[in-house]
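Student: Can you walk me through this model, pocket and helix packing included?

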Amino acid sequence: MTKQTAIQTVEGGTIAHESGPMLPADPMVSMIERIALDPNADLDKLERMLAMKERLDADRRQQEFSAALSACQAEIPTVLKNKNNEQTRSKYADLASIYQAAKPVVAAHGLSFSTFPAPCEREGFQGIRWTLRHEGGHIEEGVAEVPIDDKGMKGTVNKTATHAFGSTASYGRRYLFCMIFDIAAGDDTDGNVPRSIEPITADQFIILRDLIEGTNTDEVKFHLAYGHRNPETADLHEFPARFFEKAKYQLECKKAKMGGGND
């Protein structure tokens, strides 16, 4: 890679200075530029080349998006169920806790997710337009039709129209976000690994320990990401075996991004 030299005119002469590395030219772009500057160029050929360039760029953006989404999904931890639903007598993870656990990972991989109200002709449903963007330029989007949440378990109306709108939007955002990023919600264990949960083996401990050290991963944050409520006192020997493969993959992805590759 060559460096680009900028010429600055000053009183009494000129000063040349380097402005940083010059990115290599895209061969396809260079070819299109040559054809465009040729007064005798075949315009049909130029249009075909421009269309080909657009397809190649779209394919590249799609590949970058797919790789980012896959790595992102592998790194998002299981979200703890932190709320009680008194009507169904069940627990669930609310939108705030899901965002707190997942949004930093999503942003780190150059992804963003947004929702907006959308028209919906289906009676009893509310439209929510969702958009998933990657920093490379690829976009996935759609419209979900979500049942309006204005009734209780017995089917009687229990909310005002405004309250129902807000509740439906919250439900829709939560379910869409979890669906797209493949997020699972798990039960809270109060930060302690129950005896019924099998811990990792000695060999698995060595693998995780070496990966954590090799990627300069903060072990406290590592345990926190996997739902430990007291990460400062967590013991890697007691890390749940059911999380081993996901944690190993996450750390290996981080190592690869750092340029460490696989041993």
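**Pocket and packing**

Tutor: Of the 28 residues that line the largest pocket, Pro77, Ala101, Lys221, Leu224 and Ala225 lie nearest its centre. A pocket here is an open set of points on a 1 Å grid over the protein atoms alone, where a 1.4 Å probe fits, with protein on both sides within 12 Å along at least five of seven lines; lining residues have an atom within 4 Å of a point. It's a predicted model, so local features need pLDDT of at least 70 and side-chain atom pairs 80 or more, while totals for chains, interfaces and linings use all residues. Numbering runs from 1 along each chain as its sequence is written, and side-chain values use heavy atoms, without hydrogens and water.

Student: Which element gives the most to the lining of the largest pocket?

Tutor: Elements are DSSP runs numbered from the N terminus: helices (H or I, at least four residues) and strands (E, at least two). Those giving two or more residues are strand S3 (79–80), helix H3 (95–108), helix H6 (219–225) and H7. The top contributor, with six residues, is H3.

Student: How are H5 and H7 oriented to each other?

Tutor: The axes of H5 (residues 202–214) and H7 (residues 244–257) come within 10 Å and cross at roughly 30°. Axes are lines fitted to C-alpha atoms over the stretch in contact, with angles from 0 to 180 degrees between N-to-C directions. Angles under 35 degrees count as roughly parallel, so H5 and H7 are roughly parallel.

Terms used: Angles under 35 degrees count as roughly parallel, over 145 as roughly antiparallel, 65 to 115 as roughly perpendicular and the rest as oblique.
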